[in-house]
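This report describes a protein structure for a reader who is new to the subject. Please look at the sequence and the model before reading on.

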Amino acid sequence: QCLATAREGGGDWVAFAEQLIAHIALERGDLRLADLYFRTSLEVNLLHDEGMMIADSFEGLAGVAASLGHGQRAATLLGAAEAVRERYDTRLPPPK
């Protein structure tokens, strides 16, 4: 229902809804669904040049890769996310 409503609004809302669904799927262990929605969200965010959301997609895909035991791929994706955050000046605050 969330995704259907977002599609009515178009563009950025669809990518945002897809990322929310992907995060929920990752938390629930549905790696196939998480991967699908992080990838589709990444495509839309790249088209709209949404730096923070691009980085979030890479971080989510890294979570999927790590959950599948693909540590090197996860590390590469986290490196890509960090590069995007630096480029767009959207760095995460340090942990407290």
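## Salt bridges

A salt bridge is a side-chain nitrogen of Lys or Arg within 4 Å of a carboxyl oxygen of Asp or Glu. The structure, which is a predicted model, holds three salt bridges. In one of them Arg39 is paired with Asp35, and their closest N and O atoms are 2.8 Å apart. Helices and strands are DSSP runs, numbered from the N terminus, a helix being H or I with at least four residues and a strand E with at least two. Because Arg39 and Asp35 are four residues apart in helix α3, about one helical turn separates them. Arg39 is partly exposed at 38% relative accessibility, and Asp35 is partly exposed at 22%. Here, buried means under 20% relative accessible area, exposed means over 50%, and partly exposed lies in between (1.4 Å probe, protein chains only).

A second salt bridge joins Arg85 to Glu59, with 2.9 Å between the closest N and O atoms. Arg85 belongs to helix α5 and Glu59 to helix α4, so this pair ties together parts that are 26 residues apart in sequence. Arg85 is buried, with a relative accessible area of 4%, whereas Glu59 is partly exposed at 24%. Asp89 and Arg91 also form a salt bridge, at 3.4 Å from N to O. Asp89 counts as exposed, its relative accessibility being 60%.

## Basis of the model

Residues are numbered from 1 along each chain as its sequence is written, and side-chain values use heavy atoms, leaving out hydrogens and water. Because the model is predicted, local features need pLDDT of at least 70 and side-chain atom pairs count only at pLDDT 80 or more, while totals for chains, interfaces and linings use all residues.

## Helix α3

Helix α3 has 18 residues and reaches 26 Å from its first C-alpha to its last, close to the expected 26 Å. The expected span is 1.5 Å times one less than the number of residues. Its buried residues are Leu31, Ala34, Tyr37, Phe38, Ser41, Leu42 and Asn45. Seen down the helix axis, these buried residues fall within an arc of 145°, so they line one face of α3. The arc is that of the directions from the helix axis to the C-beta atoms.

On the other side of α3, Arg32, Glu43 and Leu47 are exposed. Just after this helix, Asp49 takes a positive phi of about 55°.

## The nonpolar core

A nonpolar core is a set of buried Ala, Val, Leu, Ile, Met, Phe, Trp, Tyr and Cys residues joined through side-chain atoms within 4.5 Å. The largest such core has 18 residues, of which Phe38, Phe58 and Leu77 touch the most other members. Two or more residues come from each of α2, α3, α4 and α5. The largest share, seven residues, is given by α4.

Contact means heavy atoms within 4.5 Å. Leaving aside neighbours within four places in sequence, Phe58 is in contact with Leu42, Leu77, Ala80, Ala81 and Val84.

Ala15 lies in helix α2 (residues 11–28) and is buried at 0% relative accessibility. Not counting residues up to four places away in sequence, Ala15 touches Ser41, Val44, Asn45 and Met53. The C-alpha atoms of Ala15 and Met53 are 8.4 Å apart, although 38 residues separate the two along the chain.

Ser57, in helix α4, is buried as well, with a relative accessible area of 0%. Beyond its neighbours within four places in sequence, Ser57 is in contact with Gln19, Phe38, Ser41, Leu42 and Asn45.
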